Amino acid sequence: MITGATKNKVDAIWQKMWEGGITNPLDVISNLTYLMFMRSLDEKELEAERLETMLGIEQNHLFPKTYVNDRGEEIPGKDIRWSSFKDKRAEDMYRIIDRFAFPFIKTMGDNSAFSKAMENATFGFPAGKPSLLEKAVTGVEELLADFDEHIGDLGDLYEYMLSKLSTAGTNGQFRTPKHIRDMMVKMVDPKPGELVCDPACGTAGFLISSAEHIRDGYGDDMSAEQWDRFTGADGNPQFSGFEMDQTMLRISAMNLMLHGVDAPDIRYLDSVSQKNNISSKFDVILANPPFTGSVDVEDIDKGLRAIVETKQTELLFVALFLRMLKVGGRCACIVPNGVLFRSNSKAYRELRKQLVEDQKLEAIIYMPSGVFKPYSGVSTAILVFTKTNAGGTDNVWLYNMEGDGFTLDDKRDLDEKHNDIPDILERWASLDAEADRERTEKSFLVPKQEIVDNEYDFSFNKYTKTEYERIEYPPTEEILADLEDLNAQMTASLAELKKLLGGEF
């Protein structure tokens, strides 16, 4: 989550670029993103140099000793680093970035997901205004000084910039807050070597959270082969993501590279279209797919329509997850609340039935409506299930999250007193103990048969028990007597007031 002070810094840079002639908001976002990436690369290189000095062990370096651009011009690698050019004269800075630093980042990772995403990228600062680039570099330096320890927040910065276009969320796409992503990742627990996918990856937040989870939880015990799978060096990347927005693809590739995933499978793809024929490949799927609208029936992959006959995107994506998972694969995905209870469409009920009868539905986390503010107040839930194709649902764990550690208004300020996430993770790790929980609690287990009896309705209110406090009221005669007494007191007080005022009424 970014603060108001950070937003003010973004606004200030945005205004300077607007005044300098870069008036297309998408161009502003793209060019600021490239500058942020250049600075983050330099920070990563500085860290490698510090480790090399401290440990005496040679580290992998991002920058070459000498860089030759496509014109055959040569420059020392150190000169194309942010720490080198950020304090140069405006004209020299422009020449270095335009002719060397930007071409360098475009071609990083030959034929990689990143280089493919950057293939058509252009440097958008006008040649006649080097001072504009200098102002932008200075602004980005001040902005990212707050983020040196939180590289993953580039996605939050991007999302804030996108919100300024008034286009964020128009297709039901909302960036999932990091603390929600991390919770979902911990629940499905991706492990070394397991293939992880987000078919609607946006800025790659779920993939980054998964990479951090694997590295922090299992990194010390990972083999060389597992590390090669992690980085993508073995040609069979551990992390895959699909997206239909070219700018988001670039953000995804940049973010993953900054987190040690050099060669992920990130590509431009409409996941629910006929162009996606991936089946039974992934061990883990984590996603927050588009919620709204429908797609052209002719474009929908026929295999998905065999799972659920619909053109609603929220249903098609859940069907897609089932198809793309291996048997035994786990999924945690966010869905709008309508998926849980809508009954006016056969497709909704059939999908819920399939999760219960044909797969292993394990948990439903009901989230408060403010989680996606300020972009949307939509009510959502998290479905956690395992693909079995043979049933296995026994008891489904329901948890009614009332707070996520932030206020549920548009400000989304820190609110540590109202945070159910630690409790969710603690209880998830000991589900057997949930069997004794009362239906008046935030969480409890519901037997499969009860869900079947409720016609596969997943609404929390179908299963919770509300306790009503009995209030005893006095007899009517006593209430009337009290009212008469009160009226007499008011009459006496009014007479006293008239006497004090000399009877002038």
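Predicted model: local features only at pLDDT ≥ 70, side-chain atom pairs only at ≥ 80, totals over all residues.
Q: In what order do the nine strands of the open sheet stand?
A: The order is S5-S4-S3-S6-S7-S9-S8-S10-S13, and the pairing is mixed.

Q: And which strands stand at the edges?
A: Strand S5 (265-268) and strand S13 (443-447) do; each has a single partner strand, so one side of each lacks a neighbour in the sheet. From one strand to the next, the twist averages 15°.

Q: Is strand S7 mostly covered or mostly uncovered?
A: Strand S7, residues 325-336, is mostly covered, with nine of its 12 residues buried.

Q: How many bridges join S6 to S7, and how do these strands run?
A: Five bridges link S7 to strand S6 (residues 282-287), and the two run parallel. Within S7, Cys333 is the bridge partner of Ala287.

Q: What about S7 and S9?
A: These two strands run antiparallel and are joined by seven bridges, S9 being residues 380-386. Cys333 has Leu383 as its bridge partner in S9.

Q: Moving along the sheet, how do S3 and S4 run?
A: Strand S3 (residues 196-198) and strand S4 (residues 239-243) run parallel, with three bridges between them. Phe239 in S4 stands opposite Val196.

Q: A change of topic: which residues form the nonpolar patch on the surface?
A: Leu494, Leu497, Leu500 and Leu501 form the patch, and together they have about 400 Å² of accessible area.

Q: Where does Leu494 lie?
A: Leu494 is part of helix H18, which covers residues 476-500.

Q: Why does Leu494 count as partly exposed?
A: Its relative accessibility is 45%, and partly exposed means between the 20% limit for buried and the 50% limit for exposed.

Definitions and conventions: Residues numbered from 1 in each chain as written. Heavy atoms only, no water. Patch = residues over 30% accessible without salt bridge, like charges linked within 9 Å, V, L, I, M, F, W, Y side chains within 5 Å. Areas by Shrake-Rupley, 256 points an atom, 1.4 Å probe, with all protein chains shown as cover. Salt bridge = Lys/Arg side-chain N within 4 Å of Asp/Glu carboxyl O. Helix = DSSP H or I, 4+ residues; strand = E, 2+ residues; numbered from the N terminus. Buried < 20%, exposed > 50% of the residue type's maximum accessible area, 1.4 Å probe, protein only. Pairing = 2+ DSSP bridges. Axes fitted to C-alpha atoms, helices over the stretch in contact; angles between N-to-C directions.
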